[in-house]
Amino acid sequence: MKVLAIMGSPKGKGNTYDVVRQIEEKMKGSGDVEFEYLFLRDVDLQPCRGCFICFDQGEDRCPLKDDRALIEEKMRSSDGLIFASPTYVMNVSGLMKNFIDRFAYVCHRPRFFKPTLIVSTTGGVAVQVTLLLLQFTAESWGCDIAGRLGVTVDPYLEKLPEAERAGRAAALEKKAAAAAGRLDAALRSKRAAPGTIKVAGFMLRKQAFGSDSGARLDHGYWEKNGWIQPDTHYFYDARIGPVKKLAAQLATIMLSRFF
Amino acid sequence: MKIVAIIGSPKGKGSGYRIVQMVEERMKQMGTVDLELEYLFLKDANLGLCKGCFACVTRGEDHCPLKDGRAAIEQKLLAADGVILSSPAYVENVSWLMKGFIDRFAYTNHRLQFFRQKVMLTANSGGAGLKPTLYAMRNTLGGARVVCELGVSTPPWPQTEHAVAKKEKAITAAADRFYQACLDTGMPAPTFNEYMRFVIQKKVSEECRQWLPADYEYYQGKGYHYETKIGPVKKTAAGVMVGLAMRMMKDLGPGPVKWPPSIREM
């Protein structure tokens with residue numbers, strides 16, 4: 001099984017890398033899993049120009065000629081994904097944000113329906129905010145969030161007394177093991193039924209792209225995938241009961257207020 | 001009145017720029033004072049993407065390995081009475097370009113300095129994402145007070161007259177609020193929360209003296225970020241609350257006791 005980890009730290013191998021490496025170790029211990037690290041600082045992914053062409057005319061028309069398509073292919077061909085970014089000013093890093101912006105069109109035309117882990121680290125505060133933002137992005141792309149791991153790493157860890165350091169390392173190991181277990185389980189089991197919020201996200205977009213009066217490219221994509229059929233309630237076959245359907249309808253109201 | 005508008009769109013002169021122009025027009029109509037508004041397009045600015053080395057926080061921003069226009073931009077902002085931060089909403093967040101700007105000024109949340117500046121946040125979106133985009137810009141310039149947040153939806157299709165009137169009204173209200181706030185060019189008296197934050201950050205800088213030397217040097221000997229009177233009630237209340245918070249947090253760290261004891265020990 002292949003897991004692709006998108007690494008959003010401009011440092012490359014910092015705390016966030018250490019955490020993902022621990023997850024890798026734990027997963028390797030329980031079976032045959034192959035990890036690939038994609039360091040955004042090293043790939044040719046140029047800054048988004050905001051021209052909107054990827055939405056309007058298709059991502060193949062993006063004026064930036066770089067490795068975007070290659071990276072998308074990597075994400076498509078892996079069994080599981082990890083999105084990992086350090087927390088900078090209560091948000092993802094600028095580098096990670098550019099990656100997200102370059103794949104913004106996937107929010108309209110979702111495609112990565114696979115188990116996904118969200119990871120962030122911070123030396124200070126607000127790691128949960130970063131996790132939330134990353135989760136929201138990944139879910140917009142179709143990902144199934146298997147778990148989220150936020151770690152507060154003391155920036156001065158090596159200067160702490162031995163006992164305290166060991167205590168923190170043990171706590172981190174436990175968290176990493178739990179996250180690894182969740183991703184591992186998701187990779188080995190059948191697709192989980194989507195939660196209420198995800199169904200609501202589907203409904204909102206189905207509404208937006210269901211008619212051909214608006215974005216033509218998006219509409220065509222939704223039509224081709226069979227998502228605008230009246231009896232389709234999610235991107236893939238999933239049992240969605242009447243209660244969840246109703247809850248999702250209500251959630252669409254909440255979502256459109258918030259975002 | 002000097003205003004600097006930071007334009008975070010990689011397109012440069014898109015909808016966000018037009019909205020700031022409308023704010024400028026309205027401020028000029030209101031004004032009895034001369035308004036000077038400078039546009040700073042991040043797409044053209046000499047400002048590299050943060051490397052995440054942490055040197056600005058620990059040793060000071062002068063140690064940033066990127067030799068570019070950051071310091072000049074900082075000086076420009078410090079000389080202004082107000083700053084407008086404008087970003088399009090990309091995937092429910094600020095653009096990568098605005099995020100790059102925020103990251104480069106991250107240290108100002110450790111050593112605050114934009115006390116005199118009032119900030120207007122503005123976001124525009126063809127679809128969703130206005131609120132989270134505004135939220136992401138709140139902590140951009142440490143010390144500055146955000147006086148208004150203006151989110152404007154800018155779909156690619158023509159609008160109804162009612163929708164246009166609503167947006168125009170919101171722009172006028174925001175411009176008015178921002179203008180009034182920028183008229184006050186004095187140093188504001190800190191609110192209780194601002195003072196609390198100062199006390200906490202000072203305490204952290206002392207406890208982490210060897211690891212945060214730049215913070216330590218900055219906070220050392222200060223009663224507040226700048227000369228101002230802190231009333232005795234505010235001072236005592238903040239002291240008590242911070243002391244309490246520190247005592248509560250003390251037990252969050254590891255200690256010598258293993259708990260709960262394993263079954264064998266019971």
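**Close-up views of a two-chain predicted model**

**View 1. The open sheet of chain A.** In chain A, 5 strands line up as an open sheet in the order β2-β1-β3-β4-β5, with parallel pairing. Strands (E, at least two residues) and helices (H or I, at least four) are DSSP runs numbered from the N terminus, and two strands pair if DSSP finds at least two bridges between them. At the edges stand β2 (34-39) and β5 (144-152) of chain A, each with a single partner strand, so one side of each has no neighbour in the sheet. From one strand to the next, the twist averages 15°; angles run from 0 to 180 degrees between N-to-C directions of axes, which are lines fitted to C-alpha atoms, for helices over the stretch in contact.

This is a predicted model: local features need pLDDT of at least 70 and side-chain atom pairs pLDDT 80 or more, while totals for chains, interfaces and linings use all residues. Residues are numbered from 1 along each chain as its sequence is written, and chains are lettered from A and ligands numbered from 1 in the order written.

**View 2. Two parallel neighbours, β3 and β4 of chain A.** Here 6 bridges join β3 (residues 80-86) to β4 (residues 115-122) of chain A. Look for Leu81(A), whose bridge partner in β4(A) is Thr116(A).

**View 3. A helix across the strands.** Helix α6 (residues 127-140) of chain A lies across β3, β4 and β5 of chain A, at about 155° to β4(A).

**View 4. Where chain B meets chain A.** In this view, 32 residues of chain B are in contact with 34 residues of chain A (C-beta atoms, placed from the backbone, within 7 Å). On chain B's side, α4(B) gives the largest share, 5 residues.

Definitions and conventions: Two residues are in contact if their C-beta atoms, placed from the backbone, lie within 7 Å.
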